[in-house]
Amino acid sequence: MHDISDLELRGIPGMFIASEQFVDAAIAQSVSLGFASVARLFTPHPIQDRTDDEMVAYADAAFDAILANITHPA
């Protein structure tokens, strides 16, 4: 979250991506950093035991949202 905040402050679009297990923690941290509006995307959880094909499917499902966010940030 610190890296994304730093990028955004320097005018470089960024986005926070994590698995959905970390929704509450991500919101709390972004609020505590004064960056509550950080763009974020959550993938299904867990990811550590996913196959390569499943990870590619997660990435494919998220790709359009990531691309849209970094090319047309809010």
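Helices (H or I, at least four residues) and strands (E, at least two) are DSSP runs, numbered from the N terminus. By that assignment, Leu67 lies in helix 3. The model is predicted: local features need pLDDT of at least 70, side-chain atom pairs count only at pLDDT 80 or more, and totals for chains, interfaces and linings use all residues. Residues are numbered from 1 along each chain as its sequence is written, and side-chain values use heavy atoms, with hydrogens and water left out.

**Cis peptide bond**
- His45 and Pro46 are joined by a cis peptide bond, with omega near -5°.
- Pro46 sits in the loop between strand 2 (40-43) and helix 3 (52-71).

**Aromatic pair**
- The structure holds 1 aromatic pair (rings of Phe, Tyr and Trp, the last by its six-membered ring, with centres within 6.5 Å; planes under 30 degrees apart are stacked, over 60 edge-to-face, the rest tilted).
- The ring centres of Phe16 and Phe42 are 6.2 Å apart and the planes are at 65°, so the pair is edge-to-face.
- Distant parts of the chain are linked by this pair, with Phe16 in strand 1 (residues 16-19) and Phe42 in strand 2, 26 residues apart.
- Phe16 is buried at 16% relative accessible area, while Phe42 is partly exposed at 24% (buried is under 20%, exposed over 50%, partly exposed in between, with a 1.4 Å probe and protein chains only).

**Nonpolar patch**
- A nonpolar surface patch consists of Phe63, Leu67 and Ile70, with about 260 Å² of accessible area together.
- Patch residues have over 30% relative accessible area and no salt bridge; like charges are joined within 9 Å, nonpolar side chains (Val, Leu, Ile, Met, Phe, Trp, Tyr) within 5 Å.
- A salt bridge is a side-chain nitrogen of Lys or Arg within 4 Å of a carboxyl oxygen of Asp or Glu.
- Accessible areas come from the Shrake-Rupley method with a 1.4 Å probe; for residues, only the protein chains shown count as cover.
- Leu67 is partly exposed, at 37% relative accessible area.
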